[in-house]
Each structure stands twice: as C-alpha cells, then as structure tokens.
Amino acid sequence: MKTIKILFICMIASIFAYAQENVPPYMMTDVEVTPPKFTAVKYSPADHSNSLKTYIANNFKYDAEFGETTEGTEVVKFTVNADGSLSEIEVVNSVSPTVDELITSILEETEYMWMPGKNNGVPVAMEKEIAIQVKLGITESSAENRDFDEIARNYFTKGAEKLFFDQKTRKAIRHFETAIRYRPYDQSTLYMLALCEVDRGNTEAAQAYVDRFRQLGGDKDILEEKLAQNVKSVDGYELLSQLFATK
C-alpha cells in the first residue's frame with residue numbers, strides 16, 4: 001500500500017499593504033487609497049466579511065502520492081479591476097507547475113468576487129499579491145508544523161558553502177532556489193541568487209532578482225556588511241554592483 005502524503009495550505013501575511021486582508025485606507029501623496037478586498041461572492045457593498053484564505057483552502061483539491069509533489073510558498077500577483085474582475089494573473093514564486101495551475105484556476109474562479117480598490121472613493125484597478133504556504137506531511141498536524149523558515153535557512157547555508165568555499169555556482173543556485181521556494185520574500189536569498197546568476201553570465205536572470213530585491217525594499221549596503229568580504233570574492237560581484245547601480 002502506498003503512503004499518501006497529506007497536504008496543508010495556509011495564507012501568510014504579505015509585506016505589501018495593498019495585498020493584506022482587512023487593512024484600513026491609508027494616505028499616499030494626499031490621495032486616500034483603499035486596497036481591493038475579496039468578498040467570496042459577486043461584489044456587494046453590503047457584505048465585506050468573507051475570507052480569501054477560506055475560499056482557497058476549501059477549493060484547493062489535490063491528492064498526491066508520497067514523494068510526487070513539492071511544498072513551498074506560492075506567490076501570485078494579479079490586478080483587481082474597477083468592476084471587480086481580475087486580470088494579469090502571474091506566478092511570482094512557483095512551488096510547482098501543478099500548484100501554479102491550481103492556484104491560478106482558483107483565482108480565475110473569483111472573477112467579480114472582489115470589492116475594487118479606490119482612490120478618493122473612486123473604484124480603480126489595483127495590483128494585489130498573495131502568498132500561500134503549501135505544506136506536506138504524513139498527517140495534517142505534521143504538515144502544519146513544518147517550519148519553512150528553518151528549512152530555508154538550512155538550504156541558504158548549503159548554498160553559501162557551495163558558492164564561497166567550493167566555488168560551485170550552479171550547485172549553489174539549486175540550494176538558493178530551494179530556499180526561495182520556501183521563503184519568497186527573503187532578501188538575502190534573492191541577493192545571492194542575483195550574485196550567482198551574474199557570476200555565470202546570466203545577467204537577465206540576475207536583473208530579475210535585483211528588481212525583486214528592490215521591490216521588497218532590500219538594502220544592498222546593509223546586506224553586504226553582514227556578508228562581509230565573502231560576496232566581494234565572487235567573480236560576478238562587480239557586475240552585480242553595476243546592475244544595482246542601474247535605476
């Protein structure tokens with residue numbers, strides 16, 4: 001009899017104000033901005049109480065045999081239009097193609113289930129980003145208790161050892177890519193992936209990581225102080241610095 005691995009999913013808080021649930025209006029350049037909010041039904045001004053977390057959990061149907069799937073943190077961004085419809089759904093951090101397809105299809109089903117964002121009370125199109133943890137275990141409890149932070153730190157350490165001590169950039173990338181699958185908002189891992197990619201001559205991929213690092217508010221100088229001379233010993237460091245210098 002084959003062992004079946006239980007899948008547990010949960011929403012995690014996004015670092016973006018416009019991507020959080022239940023956030024109040026906030027001020028930006030003298031314009032009152034209200035983020036879009038999920039309603040679980042076709043948008044009605046009278047009912048704002050339903051949860052996207054619950055909707056995704058109830059519709060995430062995936063039975064996988066042990067060892068045949070992957071866990072991690074799926075990050076998806078999309079635009080909530082002024083009429084509550086969705087567009088430009090894009091996977092930012094992929095757990096697996098199967099999870100990508102499942103989450104995307106669930107989001108597509110929420111068409112017109114959104115209270116649109118507003119500028120000064122006027123509905124406008126706004127971008128939203130959500131993060132969903134997909135955890136695996138023999139029981140639901142063991143899955144829920146999986147510590148993604150610890151797992152990611154272990155892979156980050158392995159990646160750093162491969163890069164700085166063994167000078168094996170490609171193997172380092174594999175470890176950093178696994179780390180970022182668990183912790184997609186970790187700026188240190190994004191920086192290291194950019195460094196690895198530029199070191200092997202893939203400036204396009206490096207630039208994408210640099211752009212994401214900036215989007216998340218990363219501070220290159222502070223990060224490099226913590227990494228000391230290690231990063232400066234990598235052949236691609238000077239080119240990476242040029243990418244960061246380009247606005």
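## Burial and overall make-up

Of the 247 residues in the protein chain, 45% are buried (buried means under 20% relative accessible area, exposed over 50%, partly exposed in between, using a 1.4 Å probe and protein chains only). The chain has nine helices and 11 strands, which are DSSP runs numbered from the N terminus (helices are H or I with at least four residues, strands E with at least two).

This is a predicted model, where local features need pLDDT of at least 70 and side-chain atom pairs count only at pLDDT 80 or more, while totals for chains, interfaces and linings use all residues. Residues are numbered from 1 along each chain as its sequence is written, and side-chain values use heavy atoms, leaving out hydrogens and water.

## Salt bridges

The whole structure holds seven salt bridges (a side-chain nitrogen of Lys or Arg within 4 Å of a carboxyl oxygen of Asp or Glu). Take Glu90 and Lys77, whose closest N and O atoms are 3.9 Å apart. Glu90 sits in strand E7 and Lys77 in strand E6, so this pair links distant parts of the chain, 13 residues apart.

Arg183 meets Asp149 at 3.4 Å, N to O, and Asp186 at 3.6 Å. Asp186 is buried, at 17% relative accessible area, while Arg183 is partly exposed at 26% and Asp149 is partly exposed at 37%.

## A look at Lys37

Lys37 belongs to strand E4 (residues 37-38). With a relative accessible area of 19%, Lys37 counts as buried. Its C-alpha atom is 9.3 Å from that of Lys128, 91 residues apart along the chain.
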